[in-house]
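Please look through the structure below before reading on. The paragraphs after it take one chain as a whole, then the contacts between chains, then some single elements.

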Amino acid sequence: MLTDGLVYAAYLYVVAVGLTLIFGVMRILNVTHGSFYAFGAYGAASAVGAYFERGLPAAGGFLLMVVVTMAIGLVLGLILERGLLRRIYGKDEVVVVLVTYAAFLILEDIIQLIWGTNSYALYEPLAVAGSLRVGKLVLSGYDVGLVAFAVLLACAVSFVLHHTRWGRLLTVVIFDREVAAAFGINVSLVYTVTFVIGAVLGALGGAVMAPKISVTLGIGVEVIVLAFAVVAIGGMGSVAGAFLGALIVGEVRSASVHFVPQLELFVISVVMAVVLMFRPQGLFTRVQPRKI
Amino acid sequence: MGALVFLVAAALTPALPAWIVSLAIVALANALVVLGLIILWRAGLVPFGQALFYAIGAYAVALIARYTGLRDVLLLLTAAAILSGLAAFLTGFLLARYREIFFAMLSLAMSMILYGVLVKTETLGSTDGFHVAPPTYFGYAPQGGMRLLLMFWLVLGCCAVAAVLVSFYLRSVAGALAVPVRDSEIRLEFLGVSVNGLIHLNLVIAGTLAGIGGALAAFAIEHVDPSMAYWTTSGGFVFVTILSGAGFVAAAFVGSLLFELLRSIAYDVLPGAWQIFLGSALLLIILFLPEGVGSLFQRVRRPPSHSRS
Amino acid sequence: MSAILSVRGLEKRFGSVVAARDISVTVPYLQTVGIIGANGAGKTSFVNMITGHLQPSKGSIWFEDRDITGRPSREISRLGIARSFQAPQIFTSLSVLDNICAATAIARTGGRLMSQTLTPLQSAATRTDGEAALGLFGIASCRDTRAAMLPQGVRKLLDIAMAVAGQPRLLLLDEPTSGISMVEKFGLMDVVMSRLKHRRITVLFVEHDMDIVGRYADRVLAFHDGAVIADGTPAVTLTNPRIQELISGPKLKAGTADCDHA
């Protein structure tokens with residue numbers, strides 16, 4: 001059960017970290033993230049499925065998964081950020097969220113137009129990865145790989161944020177965008193890059209989850225609530241928070257599936273509400289001081 | 001002038017085709033939710049979970065009718081209003097302490113909690129929901145065309161009353177202070193006003209309106225299901241609110257009717273791409289008419305230098 | 001009760017930072033007090049504690065004969081203390097007239113939510129009061145301008161006009177002339193102080209401009225590092241070289257550039 005929770009947490013982290021980065025840097029609660037996830041899942045199902053059908057080597061399949069999501073994230077992210085978001089940056093936070101919601105609606109239909117109403121299954125990566133025996137447990141190789149990947153991603157994100165020039169620029173912009181601009185940081189470029197990275201990560205979340213679920217309409221809608229819960233719990237804009245939030249939601253969901261399967265969404269929502277009640281800024285973000 | 005519009009609408013109805021009347025009924029029921037959201041938006045708050053109260057109102061009438069056999073419309077509506085108002089009052093203690101995005105998220109979380117409960121509870125019909133019997137009007141159970149007509153007049157009547165009461169409220173000190181809350185809470189606190197108290201009041205008003213809207217929708221569609229509490233339902237309400245703009249009470253009704261019309265047209269003309277249509281419409285409105293449809297009226301009626309009432 | 005405000009042993013700590021150290025001050029009715037001190041000396045914390053925006057760690061605050069220590073701002077406002085802000089807190093979406101009418105309407109309905117729900121905001125009574133208030137401070141000509149468009153001087157006056165709408169007996173002004181040009185400072189203060197005096201309102205004001213303090217204050221409280229280091233008439237305190245040095249920094253001698261101090 002604990003391991004199930006870890007697996008769940010792993011994919012949630014991949015999805016949520018992009019969302020929290022976008023919020024932290026751009027102060028946008030990106031509803032379209034659900035579309036990135038869905039596109040990633042469908043894209044992986046199609047491309048990687050086709051790849052494996054040709055009997056090409058397994059390792060390439062996994063690589064293709066990453067490449068496909070990067071392409072999706074790049075294209076969608078750029079179009080959205082440059083074409084749409086750019087025009088509404090100054091506006092009310094709520095209006096911006098609605099714009100991302102509108103984009104989400106449009107993309108949902110585009111998915112349906114491209115892939116129709118069928119559901120897709122991508123089982124090859126699971127089969128290829130086989131299974132591992134750890135003591136008495138038999139774990140799916142894919143699951144283990146997923147958790148390892150998530151951990152690696154977390155380390156990479158943490159490293160980039162704290163030890164690279166680019167990461168530090170990002171941190172400055174997260175902290176105070178006006179000050180960053182005053183220091184000559186090209187905030188506009190930072191926004192674009194952040195959004196694209198967020199889109200890629202969202203799509204990646206969908207892609208890695210594709211083999212484990214039935215890829216069908218509505219997966220984008222569902223994941224949004226979960227991703228939001230993770231980000232709200234961990235602290236919006238905090239990458240470390242996304243990690244912790246994902247763990248919490250993952251384990252809680254796993255526990256509720258095992259003990260009280262009916263109340264899964266209910267339990268997650270309760271946890272989210274409880275955390276928001278006691279620490280509205282999430283577990284990791286610092287409270288903004290009031291300025292009179 | 002508003003009274004005239006309502007009277008004309010009431011009089012014309014028998015002449016209109018049934019599908020328009022049905023559409024208008026749902027639109028007007030939803031408009032009540034939007035009315036509540038407009039009040040909150042003026043104060044700078046946009047909850048992403050009004051569907052919570054909408055669903056409470058809907059399920060209230062459905063359950064009471066099913067388990068007690070009571071079907072009188074006035075009784076059921078009053079029950080829905082009381083229950084959703086109470087829920088808003090209780091949740092308000094918590095919600096009134098938050099602002100901006102945290103307020104929105106907490107509101108969302110609460111509505112999803114209800115959704116989670118509704119979906120998994122067998123007795124409440126879980127995902128399929130259940131049928132709602134049409135209401136009776138002081139003992140009279142209308143049939144056929146009369147049923148639709150009476151329903152429309154009922155909804156129209158509720159909207160008229162709500163419009164009058166909300167207009168009155170927005171002109172009162174408590175209601176008019178919504179915009180100052182958005183501009184400077186500090187100034188209000190230092191003038192002796194409890195801002196959280198005001199917000200709590202607004203939440204109760206919005207919640208009650210949403211509950212009544214939900215009840216009316218339940219009567220109209222003759223069905224309730226958990227999706228009435230889902231985040232996409234809340235999203236729809238916020239969508240219409242932005243469409244309407246926060247300037248006028250009337251805008252809620254115009255905006256809601258427009259939205260339902262757009263949605264129907266989209267379904268009919270582009271069944272596979274209606275969301276693209278709707279999403280694009282929303283984007284266009286946001287980009288080119290940021291103050292919503294209501295602002296069009298303002299430009300026509302009076303010069304823009306006068307501040308909003 | 002001869003004192004309008006009495007502060008005893010007031011202290012405020014933020015972790016290891018001491019914003020207020022054992023402050024004890026008694027202010028008689030209608031005595032105008034000027035509060036001076038370098039940035040970070042504790043002046044604003046002092047004002048915030050009196051007006052309920054900040055909770056003291058220790059000590060007590062008495063307004064007339066009521067203990068108001070730790071009470072929230074809205075309660076304290078209703079008791080008769082008002083304040084203006086360094087960055088004027090006005091309702092930027094509304095016109096100047098609507099701003100003042102909001103304040104007068106609140107004053108008329110008190111803190112009672114029921115009363116507030118039933119009373120219209122724009123009534124003849126609130127408008128009369130509002131226009132009178134604007135006229136008092138000389139900003140009636142701006143009544144239809146949207147508050148967001150106002151120049152700083154008018155904003156400050158509006159902020160103060162709103163603060164006195166509720167007929168307070170004690171008013172705290174936080175840097176009333178900050179952001180105002182040298183030319184306009186005295187004009188603004190003349191108007192404000194004379195009107196407040198006429199209304200029998202006791203005024204405490206925080207200022208960085210020593211000339212303003214010298215001209216309008218009966219008494220000066222000098223803050224440094226969280227404590228009151230001088231308490232006396234302007235003539236005595238402002239000419240004290242030690243005070244001058246601590247508050248404004250050492251004087252630059254002609255011909256020398258002291259690179260360690262600004």
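**Chain B as a whole**

Chain B has 309 residues, and a compact globule of that length would have a radius of gyration near 19 Å; chain B has 19 Å, so the two agree. Here the radius of gyration is taken over C-alpha atoms, and the globule rule is 2.2 Å times the number of residues to the power 0.38. The model is a predicted one, in which local features need pLDDT of at least 70 and side-chain atom pairs count only at pLDDT 80 or more, while totals for chains, interfaces and linings use all residues. Residues are numbered from 1 along each chain as its sequence is written, and chains are lettered from A and ligands numbered from 1 in the order in which they are written.

Along its principal axes, the C-alpha trace of chain B spans about 55 × 40 × 40 Å. The secondary structure of this chain comes to 14 helices and two strands. Helices (H or I, at least four residues) and strands (E, at least two) are DSSP runs, numbered from the N terminus. Of the 309 residues in chain B, 55% are buried. A residue is buried if 20 or more other C-beta atoms lie within 10 Å of its own, exposed if 12 or fewer, and partly exposed in between, with C-beta atoms placed from the backbone.

Is Leu63(B) buried, exposed or partly exposed? Leu63(B) lies in helix H3 (residues 51-68) of chain B. It has 18 C-beta neighbours inside 10 Å and therefore counts as partly exposed.

Two residues are in contact if their C-beta atoms, placed from the backbone, lie within 7 Å. Among contacts in chain B between residues at least 6 apart in sequence, 82% join residues at least 24 apart.

Confidence is given as pLDDT, the predictor's confidence in each residue, from 0 to 100. Chain B averages 85, and 94% of its residues score at least 70. Within chain B, helix H10 (residues 195-221) has the highest mean, at 94, and helix H14 (residues 294-301) the lowest, at 60. Over residues 302-309 of chain B the pLDDT is below 50, and this stretch has nine contacts beyond near neighbours in sequence. Where pLDDT is low, the predicted coordinates should not be read in detail.

**Where the chains meet**

The contact between chains B and A takes 35 residues from chain B and 34 residues from chain A. On the side of chain B, helices H5 (100-120), H11 (231-244) and H13 (274-288) each give two or more residues. H5(B) has the largest share, 14 residues. By class, this side of chain B has 26 nonpolar, seven polar and two charged residues. Ala, Val, Leu, Ile, Met, Phe, Trp, Tyr, Cys and Pro count as nonpolar, Asp, Glu, Lys and Arg as charged, and the others, Gly among them, as polar.

Chain B also touches chain C, in a contact with 32 residues from chain C and 23 residues from chain B. H3(C) gives the most to the side of chain C, with six residues. That side has 13 nonpolar, 13 polar and six charged residues.

**A helix in chain C**

In chain C, helix H1 (residues 43-50) is mostly covered, with eight of its eight residues buried. Among them are Phe46(C), Val47(C) and Met49(C). Just after H1(C), Gly52(C) takes a positive phi of about 85 degrees.
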